[in-house]
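Before reading the notes below, please take a moment to look over the sequence and turn the structure around on your screen. The points that follow are grouped by topic, so that you can find each one in the view as you go.

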Amino acid sequence: MADNALTLSLRSRMWTREARLAYLMLLPAALVVVGFMIYPLIYVVLMSTYKTNALGWLTTFAGIKNFVSVLSDTEFWRITGRSLLWTGIGVFVKASLGMIIALLLNVKYRGRKVARMLFIAPWASSVPISVLLWSWVYTPEFGLLNHTLEVFGWAHPPVWLGTPIPGFIACMWVDVWIGVPFMALVFLSGMQAIPEDQYESAYIDGVNSFQKFIYITLPGLRNIILIATLLSALWTFNDFNAIYILTAGGPVNSTDILITSLYKNAFVYLKFDRAAVMAVITFLILTVISIVYAKFYFKGERKE
Amino acid sequence: MKHDTPAWRNRGKPFVIILTLVFLFIMLFPFFVMITTMLRSSQEVYATPPYWIPHQVTFENFAIVWSQYQLLTYFKSSAIIAIGTTILNILLAIPAGYAIARLRFPGRQVALYLFLVVQMFSPVVVVISLFKIFAGLHLLNTYFGLVIVDAVFTMAFSVWLLSGYFRTIPMEIEEAASIDGATRLQTILLIILPIAAPGLVTTMIYTFIYAWNDFLFALSFIQTQGKMPLTLGLYRFVGRWSSQWHLLSTAAFLAIIPVLVLFYIIQQRLVAGLAGGAVKE
């Protein structure tokens, strides 16, 4: 009995020692994350409830007035709607193109390793710098994109970055272009985990390629598609570089999404309170997506 | 090796190759433009109608960007920021990753979950208040400020990746070391870290690339020309010299090469880290 109690207390003491060591080891990382991520987040929430001056100082407490003024602004809803459109269409196109490229790369032929390497290039290269390259590509008179489109029969391609709707499409395409390689790689990696014999028996049964894709490949990729789509949704919603570098939201805010608009409100128009409200709303939307992502991530881990 | 490529795989192969080439042309389009632009003189950049193959290939742009456009300064800033970030990040992520992988403590599961969610945190959401905080700490317009935020925003993913690697190391190796009288610190430094070297390299390269590619923080916190990293320097360059696309293409080529090389080293493990157990490495 006494012996039992002794081992129990010993074990609990060792356990606390181990726990104490663990907390000590986590402390430095936790401190910087709290100091430069969590504290700024709290500060932004605080800022959203105050009036601010042009330097960003909190002046008078405003309660929910800032939220009311932002939420009653039609411009805000237009930008939020555009953000959702941007994310929805962007992720859909990324996933579709990623799937096609993954299917192409899953066929065995000489040189497919090289093709795989080349397909990753947009993801591998520095995003802000390749977006700068795109602004040259889109240049109407001297740029090679419109020239090439004309060669392929499009007589008068639009002035991409100077007009609202083509501008938005042009930005969206650059964002898609950056995101496709990740999708393709993840899907490819998932396809290679599907047992070969499933396809072989399908071949013997005389099933065509399209049916194989619908009945074998897609169900086999279900979990991967979910995870990749959620992750991509976060990245897409959050993409600052493509729009800010290409059009800075212009002409006349017609290509702004929440992320770029909130940045401009703070650093260009110096309306920090308004920017803070938009930041809080953005944070809430992103948190919902992240939690769903984490859920599926852990589901995948457990299955393994 | 006939059985490697069963007959049903061979049908439609030329079609696949043609389609692959079409998609490659689309995906590599800006890089083709970059290469053909950097190899021509300014007169050939502004030809109407434009053409793909330069009439006269020249390498003069490399000399020009190097001598006249402060490219070296931008490179130096990018290198300082990226290396500093990598060091700070790995020093903090190793103990945290080890604790999560190996030690039992209350809240371990919560910590793991939090790290995954924090990894998704948007820098734009906090950049406004970070600006205020940096102003108070006199960190605006310093390399150190960028090093801290870049290290913080890569921390969750680093800890996540590293703890995954530490977990794959068999417990028996550590137990054997402790029986031989090694302390916990010795075990980590002399046994765990060398075995986890591939994981360390992946984490460090990921962090380096993140810092090298950062545009948002540099745009918000750096004002002087001499401290701008490549991303911001080239962005301002376009603003000021918007007609010099041949020089921008050359500078972009030089700026992209280091990250491209590093990225290819880690891409496989990066995908596995992001997509979790659903993907094999």
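The radius of gyration is taken here over C-alpha atoms, and the globule rule used for comparison is 2.2 Å times the number of residues to the power 0.38. With that in mind, a compact globule of 304 residues would have a radius of gyration near 19 Å, whereas chain A has 25 Å. Please keep in mind throughout that this is a predicted model.

**Chain A as a whole**

- Along the principal axes, the C-alpha atoms of chain A fill a box of roughly 90 × 70 × 30 Å.
- Chain A contains twelve helices and two strands, and, read from the N terminus on, its elements follow the order α-β-β-α-α-α-α-α-α-α-α-α-α-α.
- Of the 304 residues in chain A, 42% are buried.
- If we take the contacts in chain A between residues at least 6 apart in sequence, 67% of them join residues at least 24 apart.
- Chain A is divided into domain 1 (2–47) and domain 2 (71–303), and the C-alpha centres of these two domains of chain A lie 38 Å apart.

**The hairpin of chain A**

- Strand β1 (residues 50–52) of chain A pairs with strand β2 (residues 58–61) of chain A in the antiparallel sense, over two bridges.
- One residue to look for in this pairing is A:Y50, whose bridge partner in β2(A) is A:F61.
- The two strands β1(A) and β2(A) form a hairpin with five residues between them, and in the turn A:G56 has a positive phi of about 90 degrees.

**Helix α6 of chain A**

- In helix α6 (residues 144–151) of chain A, the buried residues are A:L144, A:L145 and A:N146.
- These buried residues of α6(A) pack against α5 (127–137) of chain A together with α3 of chain B.
- Just after α6(A) comes A:G153, which takes a positive phi of about 105 degrees.

**Where chain A and chain B touch**

- The contact between the chains takes 89 residues from chain A and 86 residues from chain B.
- On the side of chain B that touches chain A, helix α15 (residues 245–275) of chain B gives the most, with 14 residues.
- By class, the residues on that side of chain B divide into 68 nonpolar, 13 polar and five charged.

**The largest nonpolar core**

- The largest nonpolar core has 177 residues, and those with the most contacts inside it are A:A184, A:L246, B:V159, B:L234 and B:A252.
- Leaving aside residues up to four places away in sequence, A:A184 touches A:G98, A:I101, A:A102, A:L105 and A:F119.

**The two domains of chain B**

- The domain assignment of chain B gives domain 1 (2–62) and domain 2 (70–278), and the C-alpha centres of these two domains of chain B lie 32 Å apart.
- Eight residues of domain 1 of chain B are in contact with seven residues of domain 2 of chain B.
- On the side of domain 1 of chain B that touches domain 2 of chain B, α3 (29–38), α4 (42–45) and α5 (60–68) of chain B each supply at least two residues, and α3(B) gives the most, with three residues.
- That side of domain 1 of chain B has four nonpolar, three polar and one charged residues.

Technical notes. Residues numbered from 1 in each chain as written. Chains lettered and ligands numbered in written order. Predicted model: local features only at pLDDT ≥ 70, side-chain atom pairs only at ≥ 80, totals over all residues. Pairing = 2+ DSSP bridges. Helix = DSSP H or I, 4+ residues; strand = E, 2+ residues; numbered from the N terminus. Contact = placed C-beta atoms within 7 Å. Nonpolar A, V, L, I, M, F, W, Y, C, P; charged D, E, K, R; others polar. Buried ≥ 20, exposed ≤ 12 C-beta atoms within 10 Å, placed from the backbone. Core = buried A, V, L, I, M, F, W, Y, C linked by C-beta atoms within 7 Å. Domains from an automatic or database assignment.
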